[in-house]
Amino acid sequence: MADQKKVPISPISRRAILAGGAALGASLFLPKGLRAQDFPTDQINTTGLAVTDDTVQVGILHSISGTMSISETGSVQAEKLAIEQINAQGGVLGRKIETIQEDGASDWPTFAEKARKLLVNDKVASVMGCWTSASRKAVLPVFEQHNGMLYYPTFYEGLEESPNVIYTGQEATQQIIAGLDWVAREKGAESFYLLGSDYIWPRTSNKIARKHIEDKLGGKVVGEEYYPLGHTQFNSVINKIRLKKPDVIYAIVVGGSNVAFYKQLKAAGIDMTEEAPLLLTISVTEDEIRGIGGENIEGAYACMKYFQSLENENNQEFVAAFKEMWGDDMVIGDVTQAAYLGPWLWKAAVEKAGSFDVDKVREASPGIELASAPEGYVKIHENHHLWSKTRVGHALADGQYEVVFETADLVEPDPFPEGYQ
Amino acid sequence: MFSGYSLPELGAIITMQGFAGLILFSVFVLMALGLAIIFGQMGVINMAHGEFMILGAYVTYLVSNAFAAYMPALFGAYFFVAMVLAFCASGLLGMIVEWAMIRHLYKRPLDTLLATWGLSLILQQTFRSLFGAREVGVTIPQWMMGSLPVTDLIEIPINGIFVMVLALGISAAVYVMMYRSAWGRQVRAVTQNRVMAGAVGIDTERTDRMTFGIGCGVAGVAGAAFTMIGSTGPTSGQAYIVDTFLVVVFGGAASLLGTIASAFSISQAQSILEFFLSGSMAKVITLLVVVGILMLRPQGLFAMKLRK
């Protein structure tokens, strides 16, 4: 253990310490050469989790096969990067993190089964995982029954607040409202055409969007419709959009349908760079653009909390480390960054609590701050979601977004928005 | 929904919507032709049809990268090379699969369903291992993107016209092969009576292998064409499989004309309904009507006359 003190602190942790020190009180729980022998295992682990004198086991539960592996691969990569960086700094309470990875296989019952395996058989201290709402809903009863802790990275529809989940992505109102306000204020948009894939997230999001457009912005929704997941023919709806001439197409199309939608929009002669109509989406990250092709979506706007092109030192280091670990051709989307936060937030909570016990980690979580986040400063709210800024990006032909707007303050998470139900 | 629009505007929309329907029709025909050959002529339920299409799409991806790297001057024409190679790749794989797997199952037609479903999973994982889990972006030559402005109001997507021409060309080629060539005569003879066909000297095994190979090859070409309108990922083929079977079964399995008629009626119904209702409702109503018609007429729209 003695040689652990000699491990040079990486630049990231130095910044974390400096930034944390600047933020009042935050420095109390930040690493000051934590050594395992200062924290006897029987005191920091009273519930029989898989913690030894020098290791702690953490689960990763994503789909690495099946339909969703397209999206979830990035999350796995980000989580592994974060864990590797944490270990390089000496781990959590002096204990190296060992990961146990399970494959949810894009199948919701499999997710539940694997979650049970991780919690009951492996007794992992926490789980980074899930991507779709369906998989999260499937594992939720397991986590609540066996008192596990899940760090969930995806932006999602809200309407949930479990004591056993920390939501590191944005809930719907955080992501939607700032973007709509921006497009109304900066672009003078008055009429909107809402479009989405047919499942809970686009429908809930559009419900919130419609309320906000009609009640708060005084605008008009000229069309709202949904297409089955995997739908590949959008010519009819493109004609309808032409007929209605909205100022904004608000698109929440996901998966393979995305590629079809944007290619057909371009082929139909709707040039998004002319912004007539303007296209605003909340479902296309840099990850999706790889499949769509930058030239097919150039000129569209996306509203989320993170873009790879963000210019701050945290992010530049994060992007460089990610590419070094996983290859130069990697792109990083919003969810990938949110997944990267999971292990760091958990580490901070464990060190604040001085214990791996799930109950104590839960108690310590609200108020945890992370100044080293690539997206900038984030903080855990009482409702287990993150305070975060919302940004609008303008899609460029090279598949990246240029950030054109960022909220001045952190946006409060509000998973049960009043007046939007 | 039409109040407040001028007559020329309405005319333009109706014209463009007509084209949208025709494009959907061409897409359905392209999807279904390969399956119509395999399912219709051989009775093999090929659940891996979508994966043979995606193999064609990946070939297109590779060819586009090769052209971009070595022959950038000819990039505009790579698509034609890609389609030929896609036909060869999918066709070759089809023949190998027929030889290794399908031919052992001809006497157990329902088992081909399970076997080809397993094959589709194997192919998906192979794509994932070779090309990565993420979708790949296929760069389409500039001249194929964008639209053709016919008047001020009417714009026709160029890739739509391309798909239509391709569907027409392949349908004609398949027709000639099936009904005007010696090979087609053999295929039909084997379909009608395998034992008798063998007795008069037709090499039924070779015929089967060719039929399966050509059906898969046509799927590969369709896959190459669909890189223009859809995504290319390990599981993208799943998006097409339901519609494909719907078209073939509704048309009457053994009839090419039936396949085309059914593609036309389903695509028009769906495209018109999509315009007046929402996307999901259009799909529901189309499927309900198809189910209703199949209940009354289980053999599909066009059926071969059989002596009962």
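A residue counts as buried if 20 or more other C-beta atoms lie within 10 Å of its own, as exposed if 12 or fewer do, and as partly exposed in between, with C-beta atoms placed from the backbone. The model shown is predicted: local features need pLDDT of at least 70 and side-chain atom pairs count only at pLDDT 80 or more, while totals for chains, interfaces and linings use all residues. Residues are numbered from 1 along each chain as its sequence is written, and chains are lettered from A and ligands numbered from 1 in the order in which they are written.

**View 1. Helix 8 of chain A and the residue that follows.** In helix 8 of chain A, the buried residues are N235(A), S236(A), V237(A), I238(A), N239(A), K240(A), I241(A) and R242(A). Because 8 of the 10 residues of this helix (residues 235-244) are buried, it is largely enclosed by the rest of the structure. Next comes K245(A), with a positive phi near 45°.

**View 2. Chain A as a whole.** The C-alpha trace of chain A spans about 70 × 40 × 40 Å along its principal axes. Of its 421 residues, 57% count as buried.

View 3. Residues 12-40 of chain B are 100% helix, with end C-alpha atoms 39 Å apart. For residues 275-296 of chain B, the end C-alpha atoms lie 28 Å apart and the span is 91% helix and 0% strand.

Terms used
Helix = DSSP H or I, 4+ residues; strand = E, 2+ residues; numbered from the N terminus.
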